[in-house]
Every structure is written in C-alpha cells, then in structure tokens.
Amino acid sequence: MKFKLARIEKNFTQQDLADQVNVTRQTIGLIEKGNYNPTLNLCINIAKALDRTLDQLFWEVNQDE
C-alpha cells in the first residue's frame, strides 16, 4: 500500500510510473497488489522515480514491535 500511496502523492498514474521505469502498466499494478516480486534494479528505479528510499516503499514494518 505504501507503494501505491507514494505513486498517488507524486500525481503519477500507473502508466506514468511504468513509462518512467520502462515496464508495463500491468507490472506496476501487480507490484501494487503484491502479486509481482520486482527485481532489485526495478525497485531502485521505482524509488528514484517516486523520490523515496527502498525502505520507504518496500520494507514491511512489524507493528507489534
């Protein structure tokens, strides 16, 4: 969900982000749903495009700790 929120905060559509990182819109949709495990290079490109760190976009924080 953090991934999708970051995209929306940048006012990017899925297609906008896909174009910036050279993947399909469908790939972005699958990543947002958690149905696709992107490569590290793709994660880095997405983080750069959204002005976020990898931790901010992809690291799961355990709320119980």
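Trainee: Which residues does threonine 27 touch, not counting residues up to four places away in sequence?

Mentor: This is a predicted model. Threonine 27 lies in helix 3. Leaving out residues up to four places away in sequence, threonine 27 touches Tyr36 and Leu42.

Trainee: Is threonine 27 buried or exposed?

Mentor: The cut-off for buried is under 20% relative accessible area. Threonine 27 has 16% relative accessibility, so the residue counts as buried.

Trainee: How many aromatic pairs are there, and what kind of pair do phenylalanine 3 and phenylalanine 58 form?

Mentor: Ring centres must lie within 6.5 Å to pair, and by this rule the count comes to one aromatic pair. The rings of phenylalanine 3 and phenylalanine 58 have centres 5.8 Å apart. Their planes are at 45°, so the pair is tilted.

Trainee: How many residues apart in sequence are the parts that this pair ties together?

Mentor: Phenylalanine 3 belongs to helix 1 (residues 2-9), and phenylalanine 58 to helix 5 (residues 54-58). The pair therefore ties together parts whose separation in sequence is 55 residues.

Trainee: Which accessibility class does phenylalanine 58 fall into?

Mentor: For phenylalanine 3, the relative accessible area is 4%, and that residue is buried. Phenylalanine 58 has 26% relative accessibility, so this residue counts as partly exposed.

Trainee: How are helix 1 and helix 3 oriented to each other?

Mentor: Two packed helices are described by the angle between their axes and the distance between the axes. The axes of helix 1 and helix 3 (residues 25-33) come within 8 Å and cross at roughly 130°. Helix 1 and helix 3 are therefore oblique.

Trainee: Where are the buried residues of helix 2 around its axis, and what covers them?

Mentor: The buried residues are Gln14, Leu17, Ala18 and Val21. They cover an arc of only 100° around the axis, so they are on the same side of helix 2. What covers them includes helix 1, helix 3 and helix 4.

Trainee: What phi does asparagine 11 have, and what phi does asparagine 22 take?

Mentor: Most residues other than glycine have a negative phi. Asparagine 11, in the loop between helix 1 and helix 2, is exposed with a relative accessible area of 67%. Its phi is positive, about 60°, although asparagine 11 is not a glycine. Just after helix 2, asparagine 22 takes a positive phi of about 60°.

Trainee: What is the phi of aspartate 51?

Mentor: Aspartate 51 is placed in the loop between helix 4 (40-49) and helix 5. With a relative accessible area of 54%, aspartate 51 is exposed. Aspartate 51 is not a glycine, yet its phi is positive, about 55°.

Trainee: What distance separates the C-alpha atoms of tryptophan 59 and lysine 2?

Mentor: Tryptophan 59 is found in the segment after helix 5 and counts as exposed at 56% relative accessibility. Leaving aside neighbours within four places in sequence, tryptophan 59 is in contact with Lys2 and Leu54. Tryptophan 59 and lysine 2 are 57 residues apart along the chain, and their C-alpha atoms are separated by 9.3 Å.

Conventions. Residues numbered from 1 in each chain as written. Predicted model: local features only at pLDDT ≥ 70, side-chain atom pairs only at ≥ 80, totals over all residues. Heavy atoms only, no water. Phe/Tyr/Trp six-rings, centres within 6.5 Å; stacked < 30°, edge-to-face > 60°. Helix = DSSP H or I, 4+ residues; strand = E, 2+ residues; numbered from the N terminus. Buried < 20%, exposed > 50% of the residue type's maximum accessible area, 1.4 Å probe, protein only. Axes fitted to C-alpha atoms, helices over the stretch in contact; angles between N-to-C directions. Parallel < 35°, antiparallel > 145°, perpendicular 65-115°, else oblique. Contact = heavy atoms within 4.5 Å. Arc of directions from axis to C-beta.
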